[in-house]
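Subject: Structure for you to look at

Hello,

I am handing over a structure that you have not worked with before. Please open it first; my notes on it follow below.

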Amino acid sequence: QSILIANVLSSLFDLEVDTDILKKQKDTKFFFGLTKKEREQELKDAFVLIDKDKIKGKNIVIVDDISTTGTTLNYLAKLLVENGANMVFGFCLAKA
């Protein structure tokens, strides 16, 4: 669903869609009801950055269909900036 949303945003704002920057390498629990520390622990090692060179100096928009706590978006933004992205923005279609 996030890819469909990203494609719509891409056509509206002339943005490039690249689904080969991050990869989710483990399933995570639903965050509803977890403490902040538990959510952060659940995300540890859940995503891997595939190609650092693709993000260096670039502005990136992370697209998610639903955001419950914002923890995932914040975690991914931090990961991208720490590895060379200039700025990272988050876009969610809905907030749970």
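The protein chain has three helices and four strands, where helices (H or I, at least four residues) and strands (E, at least two) are DSSP runs numbered from the N terminus. Read from the N terminus, their order is α-β-α-β-β-α-β. The radius of gyration of the protein chain is 13 Å, close to the 12 Å given by the globule rule for 96 residues, so the chain is as compact as a globular protein of that length. That radius is taken over C-alpha atoms, and the globule rule is 2.2 Å times the number of residues to the power 0.38.

A word on the basis of these notes: this is a predicted model, in which local features need pLDDT of at least 70 and side-chain atom pairs count only at pLDDT 80 or more, while totals for chains, interfaces and linings use all residues. Residues are numbered from 1 along each chain as its sequence is written, and side-chain values use heavy atoms, with hydrogens and water left out.

Overall figures

The C-alpha trace of the protein chain spans about 40 × 25 × 20 Å along its principal axes. Of the 96 residues, 29% are buried; buried means under 20% relative accessible area, exposed over 50%, and partly exposed in between, with a 1.4 Å probe and protein chains only. Among contacts (heavy atoms within 4.5 Å) with a separation of 6 or more, 71% are between residues 24 or more positions apart.

The helix pair H2 and H3

Helix H2 covers residues 36-43 and helix H3 residues 71-82; their axes come within 10 Å and cross at roughly 55 degrees. Axes here are lines fitted to C-alpha atoms, for helices over the stretch in contact, and angles run from 0 to 180 degrees between N-to-C directions. H2 and H3 are therefore oblique to each other: angles under 35 degrees count as roughly parallel, over 145 as roughly antiparallel, 65 to 115 as roughly perpendicular, and the rest as oblique. From H2, the contact is made by Arg39, Glu40 and Leu43, and from H3 by Thr71, Thr72 and Tyr75. Sorted by class, the contact has two nonpolar, two polar and two charged residues. In this scheme Ala, Val, Leu, Ile, Met, Phe, Trp, Tyr, Cys and Pro are nonpolar, Asp, Glu, Lys and Arg are charged, and the others, Gly among them, are polar.

Single residues

Ser10 sits in helix H1 (residues 2-13) and, at 17% relative accessibility, counts as buried. Leaving out residues up to four places away in sequence, Ser10 touches Leu15 and Val17.

Asp14 is in the loop between H1 and strand S1 (22-24). Asp14 is not a glycine, yet has a positive phi of about 55 degrees, and at 72% relative accessibility it counts as exposed. Asp45, in the loop between H2 and strand S2 (47-49), is also a residue other than glycine with a positive phi, near 65 degrees.

Lys36 belongs to helix H2 and is exposed, with a relative accessible area of 55%. Lys36 and Asp14 are 22 residues apart along the chain, and their C-alpha atoms are separated by 36 Å.

Lys54 lies in the loop between S2 and strand S3 (59-67) and is partly exposed, at 30% relative accessible area. Not counting residues up to four places away in sequence, Lys54 touches Asp18, Asp20 and Ile21. From Lys54 to Phe89 is 35 residues in sequence and 16 Å in space, C-alpha to C-alpha.

Regards
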